Amino acid sequence: MKLGRVAVSGPDGEEIRVVAVEPENERVIDLKKAYALALQRGGATVEGSRHLAHATFRDLTQGISAGDFFLESAHRALAAADDASLPIDDVSWRAAIKPPVIRDSLTFNGHIKNFFGNVMKTTPTRAVYERPGYFKGTTSTIYGHGETIPYPSFTEQLDYELEIGYIVGKPGRNLTPDNAWEHVFGITIFNDWSLRDVQKLESPIGMGAQHSKDFAYGIGPWITTLDEIPSVIGLTGQVRVNGEVWSDTKVEDFIWTPEETVAYASELNGLQPGDLIGSGTMAFGAGVELGRFLQPGDVLELELEGVGTLRNPIAGEKESPSWWPTPQPFPFEEA
């Protein structure tokens, strides 16, 4: 099943609805509405059916935390799909999920070699091969399919990163590669947007990425549950900018497997339903590997086999911060 989030107008303003997505039928199904109708056809009262439907499909993250009941209910809701569907081209998408935590990893050998060579001007650091490292990102700047991505004024190198987002389904702590994948609900496209020139300035601080990453994260267009993805290994991807193919890529050549990545993230640090763990960028899945960067007004499309295409326009005007720090005197200058 493919699951996503769309925005609709309600009496109190914008409401987020959880939908099942049927690209082949060019429609999405409002699961809250469909489930209530399906329950009513089974004898439930209108009030009772709406109460249970709201509790089950009010929020995708909370729904996932309900375990098998959630997907069973979603499949039952499809019995009333025809009376609760919307044309897929008419909906306003939001990030496929609002994760409690975003972690992003570095696991693809090809991208690692390209990144260190093109950006850091050095060979990859040994630490990358000693553990599947990751950083944590904010959930306040997540963007879905079709939403416009801001272009910060303090960069000249706006970049994208085509990754797989592993969506956690079951809580877990101190997992192993043998059981970690049992805790994954599905996959989505994760775009770890990056400001490459800013990243080079932040790296020496030693605190990890800051504004070079946290200005935007793309998640979507929807989540594909694992029953439709026998293996992520071998999935193909493509990057297009303004309709031009910039690169083709493939899920292969891992330093750390998906199972190892998920397991490592859980060590002494529990995973929660809805958490997103980025796979790391696929080889040639970032503009920095090609020596090309995005410009205001560009339209980016990231496609991943088994999921779909995450499409985002870039703002035509750059956004300026309201305040920016003035560099302080460096007390260790040599005389």
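**Entry 1: the H1/H2 pair.** I started with how helix H1 (residues 31–41) sits against helix H2 (residues 46–57) in this predicted model. Their axes are 8 Å apart, and the packing angle is about 140°. I then looked up the handedness, and the crossing of H1 and H2 is right-handed.

Next I wanted the residues: which ones make the contact? From H1 I noted Leu31, Lys32, Tyr35, Ala36, Leu39 and Gln40. H2 answers with Val46, Ser49, Arg50, Leu52, Ala53, His54, Thr56 and Phe57. Sorted by class, the contact of H1 with H2 comes out as eight nonpolar, four polar and two charged residues.

**Entry 2: the whole chain.** I stepped back and checked the secondary structure. The chain has 19 strands and eight helices.

**Entry 3: overall dimensions.** What radius of gyration would a compact globule with 335 residues have? The rule puts that value near 20 Å, and I found 21 Å for the chain, so the two agree. I also noted the box filled by the C-alpha atoms along the principal axes: roughly 85 × 45 × 40 Å.

**Entry 4: burial and surface.** How many of the 335 residues count as buried? I got 51%, taking buried as under 20% relative accessible area.

Definitions and conventions:
Residues numbered from 1 in each chain as written. Predicted model: local features only at pLDDT ≥ 70, side-chain atom pairs only at ≥ 80, totals over all residues. Heavy atoms only, no water. Axes fitted to C-alpha atoms, helices over the stretch in contact; angles between N-to-C directions. Helix = DSSP H or I, 4+ residues; strand = E, 2+ residues; numbered from the N terminus. Left-handed = near helix turned anticlockwise from the far one by under 90°. Contact = heavy atoms within 4.5 Å. Nonpolar A, V, L, I, M, F, W, Y, C, P; charged D, E, K, R; others polar. Rg over C-alpha atoms; globule rule 2.2 N^0.38 Å. Buried < 20%, exposed > 50% of the residue type's maximum accessible area, 1.4 Å probe, protein only.
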